[in-house]
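This briefing is meant for a reader who is meeting the structure for the first time.

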Amino acid sequence: MTDPAAGAFLGLPARAILWVLALIAFGLFGWRVAAYIRVLARARPEPRWDQWPARLKRFVLEVLFQRKLLEEPLIGAAHLLIFWAFVFYATSFFWNLLRGLLPFLPIPYADQAAWMAVALELFGAVGLVALVVAAARRYLFPPPRLEQTRDAGIILSLITIVLLSSLTGAGALVLAGEHHAGVGIASLFAGLLSGLGVSPEQGVQLNVAMWWVHMVTVLGFLVYIPYSKHLHLLASPFGVLFGSLKPPMPAASEGAARLEEFTWRQLFSGLACAECGRCDRACPALNSGYPLSPKELMHHVKEMIMASLASGGNGHRLLGDRVKPEAVWACMTCLACIQRCPVGNEHVPVLIELRRRLMADGEIEAHLQEALTNLARYGNSFGQSARNRARWTQGLDFKPKDARKEPVTWLWFTGDYAAYDPRLQPITRAAARLFQRAGLDFGILYEAEQNSGNDARRAGEEGLFETLMEKNLAAFAKARFERIVTTDPHSLHALKNEYQWQNGGVPVVHHTELLWELIRTNRLPLNKRLNGRVTYHDPCYLGRYNGVYEAPRQILRALGVELVEMPRHGSRSYCCGAGGGRIWMEDVPGIQERPAESRVREAAAVGAGTLVVACPKDWVMFQDARKTAGLEDKLVVKDIIELVEEATNP
Amino acid sequence: MNLVVLMRMVPDVVEELEIAPDGKSLDQEALRLIVSESDDHALEEALLLKERYGGRVTVVAPEAPEVADVLYTAAAKGADRVIQLRGVEPGLGVAAMAEACAAALSAIPDLLPADLVLTGAQSIEDLDGLVAPLVAHRLGWPYLGVVTAVSEVSNGTATVIKEFQAGYRGEFQVSLPAVLGVQAAEKPPRYVPVAKVRAAMKATRIEEFEAPQPVPEPLQDVTIVALAKPEATGRAEMLEGSVEEVAGKLCELLAERGLL
């Protein structure tokens with residue numbers, strides 16, 4: 001067996017050449033990586049070192065098995081195969097390099113180990129097929145918002161050279177008659193080479209030549225990675241490992257506009273981005289024509305880091321020329337970008353930091369300002385007196401208990417829209433009747449309830465969120481209850497996940513979870529089977545934020561209606577456009593199809609006569625949208641509460 | 001520039017207003033007070049002038065419930081000094097209130113001379129817009145009211161914009177010091193995040209100043225006889241039916257009332 005690093009090249013010992021090349025390549029690689037680490041070290045800290053079992057589980061699922069990439073099955077499978085080919089080829093490379101540099105090591109070259117030879121052949125072959133799929137998708141059938149860069153072409157070519165050189169080398173060895181424990185692919189290449197007129201004697205030389213082509217290409221690759229978009233090869237495993245295990249919300253800050261004002265994890269997203277465009281394809285703001293692209297946002301973060309690497313020093317800004325305030329305000333915080341991102345990037349926290357900064361500088365949209373001012377003064381965004389909060393109860397033939405005055409099992413946190421919007425008050429009363437009918441021991445806080453602050457927080461008004469949280473927690477402390485039910489997914493998220501409860505807090509559930517429990521246990525008997533074809537819209541803050549997908553569907557199935565799913569359902573649900581404070585802001589010029597209009601059209605297209613919602617904001621948004629989309633005759637919008645009441649009426 | 005802003009708390013009409021048992025005043029217990037909207041605009045205009053020409057903004061406000069929040073918010077927005085005026089009770093009446101405030105302005109240490117005193121042109125308690133001119137009268141300074149912008153300040157004069165109906169605007173020049181009754185600032189009052197207000201609460205001291213005695217008495221020659229809540233008027237009648245039916249009913253109604 002020949003040692004490919006034993007000979008000489010142009011009179012120089014090959015091993016010395018290998019040493020020089022390796023030192024140069026690792027030097028350049030290490031220098032660049034160190035530069036990135038120095039930039040990240042200048043950023044604010046953000047602890048991501050907890051919950052290792054959960055992190056490792058996520059790492060296995062999303063890096064080793066590439067779960068999120070497989071959501072787009074064809075390219076997902078291709079990427080998974082290229083990834084594993086890469087893993088084996090990287091192992092083989094380091095093994096060969098070590099053996100080539102240090103000839104005294106008592107180990108064979110990688111392809112001389114039978115199991116590795118088999119793996120290299122197998123992954124080499126499937127990797128080549130996957131590369132063809134990847135190239136065909138990229139150049140013949142590119143999905144929208146995929147970034148077409150020269151980088152991608154270079155990388156695809158480099159990987160092809162790496163795989164081909166290895167397989168050709170193995171083929172040459174077979175041709176030379178050396179023992180090779182393969183699976184037949186090397187023999188296939190041997191046949192090809194023989195067909196091309198390569199003699200067995202030349203086979204030995206060709207094998208050595210291919211070994212060098214392979215090694216030099218990978219060394220080049222190594223240098224190329226940290227200077228290109230394929231930095232994601234290096235960064236994304238860490239991005240996933242140090243990703244947020246729950247919907248991310250940056251710790252209280254004065255916001256950020258410049259590089260050193262962001263946290264290291266926020267900057268890291270820019271390095272991990274592979275520009276695949278999955279976030280853009282999911283983004284309701286972008287797809288409605290708002291001036292926001294989550295992919296561009298990540299790209300601008302990266303540009304800012306690159307500018308800092310190029311010139312050094314502080315002061316490189318994200319906010320301003322790179323990311324305009326219009327883009328910052330466009331986000332609906334629906335979480336679709338983060339949910340879809342295969343490399344664990346966190347787009348929304350970056351936007352929230354930018355919003356906080358704009359807020360601190362007083363650069364805020366007029367209607368948002370009005371809503372926040374109202375929240376601060378009256379505790380609701382409607383600018384109505386707190387005393388009117390329970391006015392919706394006036395149409396009931398019973399008076400809900402005042403949880404501040406008598407103990408209850410369930411405290412019902414209604415949320416602003418259910419309480420104040422006159423269009424929604426009949427639904428709120430229906431919910432009260434259902435709870436009453438089921439014999440639920442429940443009460444409300446009357447004027448002591450305040451807006452939960454969820455959307456103020458996402459609009460970048462952290463201090464206001466804290467104030468509202470403190471007022472609500474003070475009101476909770478004066479009431480006696482065991483559990484909280486809320487008719488508002490936005491409040492659900494804040495109360496359940498973001499409030500700083502003393503003594504651990506109480507269970508918080510959404511009304512669909514409670515209603516399903518009441519129906520399932522027959523405390524709320526269904527007296528009538530409903531019919532008709534309905535579809536269900538997953539609210540962002542119920543589904544993606546809190547993982548409640550089944551309860552509302554169980555209810556709908558129990559009611560007897562035919563439930564058809566829209567193409568975008570479950571964790572892929574499409575935002576109505578109201579989240580993150582957008583419901584308070586004006587539409588900007590240039591909007592093509594509002595998210596809510598896109599959604600009602602989707603509902604009508606699956607043949608549903610009723611679009612069922614479980615969030616007051618959705619109800620408002622879709623009622624408007626069905627009118628502006630001209631679907632008034634085809635589609636009705638109903639809260640699930642209305643359907644349950646219909647089915648339980650005696 | 002040395003800018004003084006006079007801000008007052010007025011009843012918040014978002015909350016229900018109750019008339020006191022005497023039938024002549026608002027029930028102070030049931031009231032919730034809010035800073036007068038045009039006073040907030042006066043503060044904004046002062047802050048804009050400070051940004052443009054430099055100087056200091058001092059806010060003076062008679063004591064009232066929740067006035068501390070207003071003063072801290074003003075500080076968070078950029079006011080340099082905030083003063084609460086003690087001994088000037090709400091319910092004093094507009095004229096006496098203006099008298100008392102003007103007297104206090106002269107008496108507060110290191111406040112005057114100032115270049116401008118700005119306050120709201122009107123408030124819901126002062127529909128006649130008397131406070132600003134009365135303060136000017138008492139100080140002996142010129143007065144301009146219903147101001148919508150101060151476009152320039154130079155050589156001891158200010159150029160002031162007033163807006164009239166149908167978009168007509170007038171440009172006035174007034175020698176300084178002067179009192180301005182502000183209708184609206186050049187820009188809507190700025191938003192200041194809660195975190196900044198909280199920081200201002202820690203960093204700012206509200207100065208307390210006892211209003212000079214004796215505080216003027218409410219005027220005796222004009223007195224309130226009675227206050228009344230809005231009376232519910234007749235309900236609107238919705239015409240229902242097909243287009244033809246509704247049109248028919250409408251014609252009948254109009255004919256009935258002699259309008260056709």
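Where chain A meets chain B, 17 residues of chain A are in contact with 12 residues of chain B. The model is predicted, and the points below are grouped by topic.

**The side of chain A that touches chain B**

- Three helices of chain A, namely α15 (347-360), α16 (366-378) and α20 (462-478), each supply at least two residues of the side that touches chain B.
- Of the elements of chain A, α16(A) gives the most to this side, with 5 residues.
- Sorted by class, the residues on the side of chain A that touches chain B are 8 nonpolar, 7 polar and 2 charged.

**Domains of chain A**

- Chain A is divided into domain 1 (8-227), domain 2 (240-360), domain 3 (370-519) and domain 4 (526-648).
- The centres of domain 2 and domain 4 of chain A, taken over C-alpha atoms, are separated by 29 Å, and 14 residues of domain 2 of chain A are in contact with 18 residues of domain 4 of chain A.
- On the domain 2 side of this contact, the elements that give two or more residues are α13 (325-330) and α14 (336-340) of chain A.

**Packing of two helices in chain A**

- Helix α2 (residues 52-64) and helix α8 (residues 232-241) of chain A pack at an angle of about 135 degrees, and their axes are 8 Å apart.
- The contact is made by R55(A), R58(A), F59(A), E62(A) and V63(A) on the side of α2(A), and by P237(A), V240(A) and L241(A) on the side of α8(A).
- By class, the residues in the contact of α2(A) with α8(A) are 5 nonpolar and 3 charged, with no polar ones.

**The largest nonpolar core**

- The largest nonpolar core holds 247 residues, and the members that touch the most other members are F622(A), V5(B), V59(B), C101(B) and V135(B).
- Helix α5 (residues 150-175) of chain A provides the largest share of this core, with 9 residues.
- When its neighbours within four places in sequence are left aside, V135(B) is in contact with L6(B), A98(B), C101(B), A102(B), V117(B) and V179(B).

Terms used
Residues are numbered from 1 along each chain as its sequence is written. Chains are lettered from A and ligands numbered from 1 in the order in which they are written. This is a predicted model: local features need pLDDT of at least 70, side-chain atom pairs count only at pLDDT 80 or more; totals for chains, interfaces and linings use all residues. Two residues are in contact if their C-beta atoms, placed from the backbone, lie within 7 Å. Helices (H or I, at least four residues) and strands (E, at least two) are DSSP runs, numbered from the N terminus. Ala, Val, Leu, Ile, Met, Phe, Trp, Tyr, Cys and Pro count as nonpolar, Asp, Glu, Lys and Arg as charged, and the others, Gly among them, as polar. Domain bounds come from an automatic or database domain assignment. Axes are lines fitted to C-alpha atoms, for helices over the stretch in contact, and angles run from 0 to 180 degrees between N-to-C directions. A nonpolar core is a set of buried Ala, Val, Leu, Ile, Met, Phe, Trp, Tyr and Cys residues joined through C-beta atoms within 7 Å. A residue is buried if 20 or more other C-beta atoms lie within 10 Å of its own, exposed if 12 or fewer, and partly exposed in between; C-beta atoms are placed from the backbone.
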